[in-house]
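Have the model open as you read.

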Amino acid sequence: MSQQHSSPPATVTVFASPASWIESDAVAQCHQVAALDGMTHVAAMPDLHPGKGAPIGAAMASTVLYPFLVGSDIGCGIAVFPVKLKRAVPEKLAARFPDLDRALDPERDADDPAWAVLKGDVPAGHVEGLGTVGRGNHFVELARIGTILDAGHASRLGLDAGDLVLVVHSGSRGLGERILRAHTEVHGAGPAPDPAAYLAAHDDAVRWGSLNRRLLAARVAHALGFEPAEPIVDQCHNLVELRDGSYLHRKGAAPGDGRDVLIAGTRGTPSYLVAAHAGPDAGHSVAHGAGRKMSRSDALRRGRAKHTVEELRRTPVGSLVVCGDRQLLFEEAPTAYKRIEQVIADLVDHALATPIATTIPLVTYKTPENRGKRGRR
DNA sequence: ATGTCC
């Protein structure tokens with residue numbers, strides 16, 4: 001690929017210890033991005049892994065806006081909601097999760113109580129797929145607060161050890177995909193010629209993603225019998241923001257400037273709620289999760305030899321995984337991801353974040369049971 | 001990641 005450079009290559013900083021496994025392909029992708037016209041800095045998080053064209057787990061600053069650096073799931077993020085339930089028996093609750101592959105239809109489902117979280121209009125008027133979780137690494141998880149690591153901060157968030165929370169990881173479904181495709185069809189991996197126009201569509205997708213997480217939480221709340229509530233945290237890890245006169249693209253990197261972030265572990269290990277305090281070298285960002293250690297195809301191949309479906313559905317922490325798609329179950333096996341403890345340790349060592357508490361999965365919902373990967377409806 | 005390529 002030939003490229004005219006009007007600026008020197010950007011700096012690349014990887015925020016990971018030598019003990020952390022970072023795929024060389026992913027670092028190479030960071031340097032490819034750094035060589036793009038206008039790039040000023042690339043900050044790679046400890047959960048860095050190769051993506052399609054651009055690395056996942058990075059904050060990338062540039063004088064020009066590159067839509068492909070955000071990717072198709074614009075607005076994807078993780079929200080945490082408080083849950084008040086008297087008893088939480090995983091087997092019973094797993095059976096009560098609603099079908100989150102089935103979209104909420106404004107007309108057919110007009111009287112669904114989940115709509116109460118909708119204030120105003122649906123962003124971009126995009127009602128397709130509303131209230132659905134999606135696939136890949138997305139999930140809705142009922143979890144218990146495990147270890148409190150910062151008592152003062154946890155208390156300010158209203159959290160005690162043993163409390164229940166709902167963790168929702170989902171994005172903008174077809175809307176973000178449509179926005180990137182509209183750009184790519186004309187400009188490929190080139191910059192947005194009209195950044196304001198892209199940003200207007202992008203901002204709709206970010207709002208849509210956040211609304212979707214609230215709708216998902218409300219659907220689950222009504223099905224499981226607890227009161228829907230405002231999220232304790234809700235951070236989007238695929239977005240671009242105008243900051244200090246340049247475009248800060250985040251792809252699998254959460255805003256880390258004075259905000260609380262849930263950094264997802266895996267479907268079978270704890271996650272970490274952290275107070276993020278990342279500076280400009282880190283692209284004002286922190287990691288968004290454990291990060292893949294294996295490609296999906298490797299995870300499927302190696303997982304089939306290593307795991308039974310039963311041990312992936314009942315995890316080492318005693319949680320249940322609701323996932324009628326066996327292939328997805330293997331692709332998302334905890335062993336396909338890096339150790340979340342190492343990711344968190346790297347953030348702490350680089351003074352990017354301070355852990356507040358862990359969340360321990362009870363029930364992780366991926367996709368309905370008793371349905372093939374090509375489920376109908 | 002995705003109403004994606006059957």
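A contact here means heavy atoms within 4.5 Å. Keep in mind that this is a predicted model.

Let's start with His 288, which carries the UniProt annotation "active site", from an unreviewed entry. By that contact rule, and leaving out residues up to four places away in sequence, His 288 touches Asp 47, Ile 56, Ile 78, His 237, Gly 252, Ala 253, Ala 254, Leu 262, Ile 263 and Ala 264. You'll find His 288 in the loop between β13 (285-287) and α6 (296-306). A polar atom of its side chain sits 3.0 Å from the backbone oxygen of Gly 252.

Next, the "binding site" feature: UniProt, again in an unreviewed entry, puts it at His 169 and His 237.

His 237 belongs to the loop between β7 (233-236) and β8 (238-243). Beyond its sequence neighbours up to four places away, its contacts include His 169 and His 288, along with Arg 250 and Lys 251. So what does His 169 look like, and where does it sit? His 169 is part of strand β6, residues 164-170. Among the residues it touches, again skipping those up to four places away in sequence, are Cys 76, Val 133, His 138 and His 237. The side chain of His 169 also has a polar atom 3.3 Å from the backbone oxygen of Asn 137.

| Residue | Relative accessible area | State |
|---|---|---|
| His 169 | 3% | buried |
| His 237 | 3% | buried |
| His 288 | 9% | buried |
| Cys 30 | 0% | buried |
| Cys 323 | 2% | buried |

How many disulfides are there? The count is zero, taking a disulfide as a pair of cysteine sulfur atoms within 2.5 Å. For Cys 30, the nearest cysteine sulfur is that of Cys 76, 19 Å away. Cys 323 also has Cys 76 as the residue with the closest cysteine sulfur, but at 17 Å that is too far for a bond.

Key:
Residues numbered from 1 in each chain as written. Chains lettered and ligands numbered in written order. Predicted model: local features only at pLDDT ≥ 70, side-chain atom pairs only at ≥ 80, totals over all residues. Heavy atoms only, no water. UniProt positions renumbered as here; feature names shortened; annotations may be inferred. Helix = DSSP H or I, 4+ residues; strand = E, 2+ residues; numbered from the N terminus. Buried < 20%, exposed > 50% of the residue type's maximum accessible area, 1.4 Å probe, protein only. Polar contact = N/O pair within 3.5 Å; in protein donor to acceptor, adjacent residues only side chain to side chain.
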